[in-house]
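Colleague: I am new to reading protein models, and I would like to go through one with you slowly. Could you show it to me first?

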Amino acid sequence: MAEASLFYPEASGRSAGEALADYYERGIQRTREAAAHMKDKRKHPRTPKKLKSEVHSPEGFTFSTSADLSRGGIFIRAETPMPIGTLIKFDICLQDEKSLIQGVGRVVWRREENVSDEAPAGMGIKFIKLDESSRSNLDQYCPVSLSSVV
């Protein structure tokens with residue numbers, strides 16, 4: 001059905017409410033399809049981890065917690081996520097509070113609003129540079145190759 005029917009529902013023999021409900025459902029379906037595609041693009045499996053994090057960028061810094069961690073990056077909860085493309089420095093305290101992952105990353109995606117407890121507002125950060133100590137510490141939590149991290 002053409003999108004124009006949303007504005008002229010009588011042309012399709014439906015009420016404005018029916019046309020709006022269909023339009024809304026199509027939008028939800030497109031969002032679900034896009035989310036499924038995004039999951040398929042990930043090179044590294046995600047491990048749910050709630051870790052303390054500190055993120056520094058030219059816009060400032062934030063203290064927060066992560067939602068998940070992988071060899072390629074981390075999702076950090078943030079009420080106001082940084083813009084996509086922002087280069088950041090990060091310190092992530094692992095669960096033993098002694099081990100640390102430090103490095104440089106880039107914001108590659110963001111969620112501006114809390115969708116649910118499982119989908120909070122925040123930003124996906126791709127690791128760009130980790131030192132040897134950070135790689136070793138990450139090995140304990142995500143036992144997959146670090147070949148994509150410089």
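The questions and answers below go from the whole chain to single residues.

Modeller: Before you ask, please note that this is a predicted model, in which local features need pLDDT of at least 70, side-chain atom pairs count only at pLDDT 80 or more, and totals for chains, interfaces and linings use all residues. Residues are numbered from 1 along each chain as its sequence is written, and side-chain values use heavy atoms, with hydrogens and water left out.

Colleague: In what order do the elements of the protein chain run from the N terminus on?

Modeller: Helices (H or I, at least four residues) and strands (E, at least two) are DSSP runs, numbered from the N terminus. The protein chain has three helices and seven strands. Read from the N terminus on, the order of these elements is α-α-β-β-β-β-β-β-β-α.

Colleague: Which element of the protein chain has the highest mean pLDDT?

Modeller: The term pLDDT stands for the predictor's confidence in each residue, from 0 to 100. For the protein chain the average is 76, and 73% of the residues score at least 70. Among the elements, helix α1 (residues 4-7) has the lowest mean, 51, while the highest, 91, belongs to strand β7 (residues 122-130).

Colleague: What percentage of the 150 residues in the protein chain is buried?

Modeller: A residue is called buried under 20% relative accessible area, exposed over 50%, and partly exposed in between, using a 1.4 Å probe and protein chains only. By that rule, the buried share of the 150 residues in the protein chain is 36%.

Colleague: How far apart are the C-alpha atoms of isoleucine 125 and isoleucine 76?

Modeller: Isoleucine 125 lies in strand β7, where it is buried with a relative accessible area of 3%. Leaving aside neighbours within four places in sequence, its contacts (heavy atoms within 4.5 Å) include Val55, Ile74, Ile76 and Ile88. Although isoleucine 125 and isoleucine 76 are 49 residues apart along the chain, their C-alpha atoms are separated by 7.5 Å.

Colleague: What is the relative accessible area of valine 55?

Modeller: Valine 55 is placed in strand β2 (residues 52-57). Not counting residues up to four places away in sequence, valine 55 touches Gly60, Phe61, Thr62, Ile76, Met82, Ile88, Lys89 and Ile125. Valine 55 is buried, and its relative accessible area is 0%.

Colleague: Which residue's backbone oxygen does the side chain of threonine 86 reach?

Modeller: Threonine 86 sits in the loop between β4 (73-77) and β5 (87-93), and it counts as buried at 8% relative accessibility. Leaving aside neighbours within four places in sequence, threonine 86 is in contact with residues including Ser57, Pro58 and Gly105. At 2.6 Å, its side chain reaches the backbone oxygen of proline 83.

Colleague: Within an arc of how many degrees do the buried residues of α3 fall?

Modeller: In helix α3 (residues 132-141), the buried residues are Ser134, Arg135, Asn137, Leu138 and Tyr141. Seen down the helix axis, these buried residues line one face of α3, because they fall within an arc of 165 degrees. On the other side of α3, the exposed residues are Glu132 and Gln140. The arc asked for, taken from the directions from the helix axis to the C-beta atoms, is 165 degrees.

Notes:
Polar contact = N/O pair within 3.5 Å; in protein donor to acceptor, adjacent residues only side chain to side chain.
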